Amino acid sequence: GLPKARLTDERRRRLNTLIRKHPLDDFTEAIAAIERSPFLRGENNRAWRADFDFFLQPKSFNRLIEGSYDTSH
């Protein structure tokens, strides 16, 4: 559900940081959370949708795996 993104040096650095801090299951859950969330998929008043930079932000990543964007909240 994420738009295509080029893996720049900065993105690679941020991704490696997340990989060191989180198990693979967290990545699976974070991606699933984006797929479950209409808001993150662009169904909002600005047509904003989550992108790879959003995914790589530690605060956003943690909120994804904690379920903060699930529609039941």
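How far apart are the mean positions of the positive and negative charges of the protein chain? In this predicted model, the mean position of the 14 positive charges and that of the 11 negative charges of the protein chain are 6 Å apart.

The secondary structure of the protein chain consists of four helices, with zero strands, and the order of elements read along the sequence is accordingly written as α-α-α-α. The C-alpha trace extends over about 30 × 25 × 15 Å along its principal axes. The radius of gyration of the protein chain is 12 Å, which agrees with the value near 11 Å that would belong to a compact globule of 73 residues. Among the contacts in the protein chain that have a separation of 6 or more, 61% are accounted for by residues 24 or more positions apart. Of the 73 residues in the protein chain, 33% are buried, while the accessible surface comes to about 5,000 Å², with 50% of this area belonging to carbon and sulfur atoms.

Two residues in the loop between helix H2 (24-36) and helix H3 (52-56) were examined individually, namely Ser37 and Ala47. Ser37 has a relative accessibility of 2% and therefore counts as buried, the cut-off for this class being under 20% relative accessible area. A polar atom of the Ser37 side chain lies 3.1 Å from the backbone nitrogen of Leu40, and the side chain of Ser37 also reaches the backbone oxygen of Tyr69, at a distance of 3.5 Å.

Ala47, by contrast, is exposed, because its relative accessible area of 55% falls in the class defined as over 50%. The backbone of Ala47 adopts a positive phi of about 60°, although this residue is not a glycine. Most residues other than glycine have a negative phi.

A further position considered is Lys4, which is placed in the segment before helix H1 (9-21). With a relative accessibility of 88%, Lys4 counts as exposed. The C-alpha atom of Lys4 is separated by 8.1 Å from that of Asp51, although the two residues are 47 residues apart along the chain.

Conventions: Residues numbered from 1 in each chain as written. Predicted model: local features only at pLDDT ≥ 70, side-chain atom pairs only at ≥ 80, totals over all residues. Heavy atoms only, no water. Rg over C-alpha atoms; globule rule 2.2 N^0.38 Å. Buried < 20%, exposed > 50% of the residue type's maximum accessible area, 1.4 Å probe, protein only. Contact = heavy atoms within 4.5 Å. Areas by Shrake-Rupley, 256 points an atom, 1.4 Å probe, with all protein chains shown as cover. Lys, Arg positive; Asp, Glu negative; His and termini not counted. Charge placed at Lys NZ, Arg CZ, Asp CG, Glu CD. Polar contact = N/O pair within 3.5 Å; in protein donor to acceptor, adjacent residues only side chain to side chain.
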